[in-house]
Amino acid sequence: MPGQLSALRVDSQSRNAKSAFSADSQQNSYDPYLGELKSNLTYAGKDQFEDEGSETSETPMIGSHYDSNPEDLVSRGRSNGVPKILVIPKKIECCRNRKRSSIHQGSISPFLAKARNERNYWNKIVSNRISYHGTVNIRVGEGLLLLGTAHMRCKEYDDALKVFKSAALIFRTVYGDMHLCLARSLNKVGLAASRLCTTASDNLAFKALHESFDIRLKKLGPYHIDTVDSLNNIAGLNLRLHKYNSARKAYHEVYLRRQFIFGQNHPSVAITAHALGGVYMQLAQLNHATKYYQRAMDLYLSLKLKDENQSIQRLLRDISALERVGNEIKTNS
């Protein structure tokens with residue numbers, strides 16, 4: 001364990017996003033690995049998304065308003081009185097002998113094997129629920145969330161996104177635009193979309209996460225763990241998109257709220273302090289980065305984590321990078 005970090009000094013150093021989550025009805029085909037679910041996928045959301053390639057802007061974290069009509073949503077999601085929903089399976093078949101892609105050649109880790117078994121299990125469960133309950137049913141929506149989570153564990157992010165969007169449409173159709181089940185599915189849509197790392201998926205993630213956050217903020221308040229979780233996901237997306245000021249503001253809110261909820265010595269506080277230190281590092285505010293890295297290290301030490309713990313190892317690498325930058329600045333000054 002390193003000692004105290006040396007203090008480093010460096011001179012350095014809106015949200016206008018439209019938080020709507022929707023898309024026109026469109027046909028997709030969903031074909032997961034080691035199990036086929038040939039489906040007509042139709043996604044109808046609240047209001048039409050803007051151009052998927054459009055830039056998202058940095059935004060503050062607190063609330064926005066929606067002017068959509070839930071009745072209009074339901075009417076647009078229906079055809080001849082029958083709801084049009086994402087998952088309408090034509091064939092469900094377990095393909096055990098399906099050819100593996102090149103990235104899955106060779107031995108499979110126990111974790112990946114377990115994730116694939118889980119994915120295949122929930123694939124069958126969702127099929128059974130659709131056959132029994134129909135497509136527009138909350139039991140189907142809950143099963144889709146679990147199926148999508150299994151896809152995420154298999155690193156099948158595109159399939160996960162399609163499944164989570166299916167669940168979001170079901171909950172929006174059944175409950176309307178301000179239900180916590182919708183917020184949960186939108187949060188998962190945002191996480192899956194952010195893993196695809198394209199302009200369109202980043203825009204989708206940005207809007208889905210903000211709508212999830214707004215619903216939870218209005219329904220649960222600012223100090224509920226689910227609200228803070230959505231805010232933390234927004235901070236992480238802003239960090240990946242190099243929107244460091246927005247990430248700093250969001251992570252600082254998460255840091256304060258997690259201390260309020262869990263107390264000052266909770267592991268989640270240490271993780272947030274580490275992330276906040278990384279943001280300050282990107283902003284070249286090395287004194288603040290030192291403060292939060294040291295805070296994270298103190299918390300990890302108080303939790304008696306072993307030196308080989310991954311969180312400890314990541315923090316040590318970041319501390320080393322910070323010290324190298326500080327030494328270079330001293331050398332050049």
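Me: I take buried to mean under 20% relative accessible area, exposed over 50%, and partly exposed anything in between; is Tyr255 buried or exposed on that scale?

Reply: This is a predicted model, and every value below is computed from it. Because the relative accessible area of Tyr255 is 9%, under the 20% limit, the residue counts as buried.

Me: How should I read a pair of aromatic rings, and how many aromatic pairs does the structure hold?

Reply: A ring pair is described by two quantities, the distance between the centres and the angle between the planes. The structure has five aromatic pairs. In one of them, Tyr255 and Tyr292, the ring centres are 5.5 Å apart and the planes stand at 90°, so this pair is edge-to-face. Since Tyr255 belongs to helix 8 and Tyr292 to helix 10, the contact ties together parts that are 37 residues apart in sequence. Tyr292 is buried too, its relative accessible area being 6%.

Me: What is the arrangement of the rings of Tyr280 and Tyr292?

Reply: Their planes are at 5° and their centres 5.7 Å apart, so Tyr280 and Tyr292 are a stacked pair. This pair also links distant parts of the chain, with Tyr280 in helix 9 (residues 267-282) and Tyr292 in helix 10, 12 residues apart. Tyr280 counts as buried, at 7% relative accessibility. Taken together, Tyr255, Tyr280 and Tyr292 make up one aromatic cluster.

Me: Let me turn to charges. How many salt bridges does the structure hold, and where in the chain are the partners Arg153 and Glu118?

Reply: A salt bridge is a matter of distance, requiring a side-chain nitrogen of Lys or Arg within 4 Å of a carboxyl oxygen of Asp or Glu. There are eight salt bridges in the structure. In the one between Arg153 and Glu118, the closest N and O atoms are 2.7 Å apart. The two residues are 35 apart and link distant parts of the chain, Arg153 being in helix 3 (residues 138-153) and Glu118 in helix 2 (residues 110-133). Arg153 is partly exposed, with a relative accessible area of 38%, and Glu118 is partly exposed as well, at 22%.

Me: Which residue forms a salt bridge with Arg119, and is Arg119 buried or exposed?

Reply: The partner of Arg119 is Glu156, with 2.5 Å between the closest N and O atoms. Arg119 is in helix 2 while Glu156 sits in the loop between helix 3 and helix 4, so this bridge ties together parts that are 37 residues apart in sequence. Arg119 counts as buried, at 0% relative accessibility, and Glu156 is buried with a value of 11%.

Me: How many residues apart are Glu253 and Arg257 in helix 8?

Reply: They are four residues apart, about one turn of the helix, both lying in helix 8 (residues 244-262). Glu253 is partly exposed at 30% relative accessibility, whereas Arg257 counts as buried at 6%. Arg257 also lies over the face of Tyr223, at 5.9 Å from the ring centre. A further case of a charge over a ring is Lys243, whose charged end sits over the ring of Phe206, 4.8 Å from its centre. Salt bridges can be joined as well, as in the network that links Arg172, Asp177 and Glu211.

Me: Which backbone oxygen does the side chain of Ser166 reach?

Reply: It is the backbone oxygen of Lys162, at 3.0 Å. Ser166 has its place in helix 4 and is buried, with a relative accessible area of 1%.

Me: Finally, which residues form a nonpolar patch on the surface?

Reply: The patch consists of Ile138, Val174 and Tyr175, which together have about 220 Å² of accessible area. Val174, found in helix 4 (residues 157-175), counts as partly exposed at 37% relative accessibility.

Terms used
Residues numbered from 1 in each chain as written. Predicted model: local features only at pLDDT ≥ 70, side-chain atom pairs only at ≥ 80, totals over all residues. Heavy atoms only, no water. Patch = residues over 30% accessible without salt bridge, like charges linked within 9 Å, V, L, I, M, F, W, Y side chains within 5 Å. Areas by Shrake-Rupley, 256 points an atom, 1.4 Å probe, with all protein chains shown as cover. Buried < 20%, exposed > 50% of the residue type's maximum accessible area, 1.4 Å probe, protein only. Polar contact = N/O pair within 3.5 Å; in protein donor to acceptor, adjacent residues only side chain to side chain. Phe/Tyr/Trp six-rings, centres within 6.5 Å; stacked < 30°, edge-to-face > 60°. Lys NZ or Arg CZ within 6 Å of the ring centre and 35° of its normal.
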